[in-house]
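Here are a few questions and answers to read alongside the structure. Take a look at it first, then follow along.

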Amino acid sequence: MEQLLQVGVISSTHGVRGEVKVFPTTDDPERFLELKDVILDSGKEQILLKIQGVKFFKQFVILKFKGIDNINDIEKYKGKSLLVTREDAVELEEDEYYIADLIGMQVETDTGERGVLKDVLETGANEVYVIDFENLGEVLVPAIHSCILNVDIENMQMKVHLLEGLV
């Protein structure tokens, strides 16, 4: 299981005082109001940043970090991910999972077909799991109770039922 979960990606700077526009990759951008710090993944290292201010602009979250007061100090981090520890992540409801925990999961159908969950598409109604099956190729499976029979996060295994018309 991933111990760090992505909550956003720095898309650009905002003004000259070190603020950044962040594209949120979390279901609830308002959660940034409750976060005290985030981890910046620079690609070479992970840097703990204390959040000093949070604003919202269109689909972006504008963040100000403590100790970063100049555009030049933050500009080099455009395109980099902001992460939180699992302890700081949003608490999940029953039958909800972090996408990072699903990617790479071994999948088996109720008829014995085997595959690997490659991606999760977020649609308006429900998520759709992109599963690459050995014999069936890529299949899009809606994340609904009639298709997803069992999810075992600890053992990275999922049991699914393919409704007629999915293959």
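Q: Which residue's side chain is joined to that of Ser81 by a polar contact of 2.7 Å?
A: This is a predicted model, where local features need pLDDT of at least 70, side-chain atom pairs count only at pLDDT 80 or more, and totals for chains, interfaces and linings use all residues. Residues are numbered from 1 along each chain as its sequence is written, and side-chain values use heavy atoms, leaving out hydrogens and water. A polar contact is a pair of N or O atoms within 3.5 Å; within protein, one must be able to donate a hydrogen and the other to accept it, and residues adjacent in sequence count only if both atoms are side-chain atoms. At 2.7 Å, the partner of Ser81 is Gln6.

Q: Which strand holds Ser81?
A: Strands (E, at least two residues) are DSSP runs, numbered from the N terminus. Ser81 sits in strand S6.

Q: Is Lys55 buried, partly exposed or exposed?
A: Buried means under 20% relative accessible area and exposed over 50%, with partly exposed in between (1.4 Å probe, protein chains only). Lys55 lies in strand S4. Because its relative accessibility is 41%, Lys55 counts as partly exposed.

Q: With which side chain does the side chain of Lys55 make a polar contact?
A: Counting contacts as heavy atoms within 4.5 Å, and not counting residues up to four places away in sequence, Lys55 touches Glu19, Phe60, Val61 and Ile62. The polar contact, at 3.3 Å, is with the side chain of Glu19.

Conventions
Helix = DSSP H or I, 4+ residues; strand = E, 2+ residues; numbered from the N terminus.
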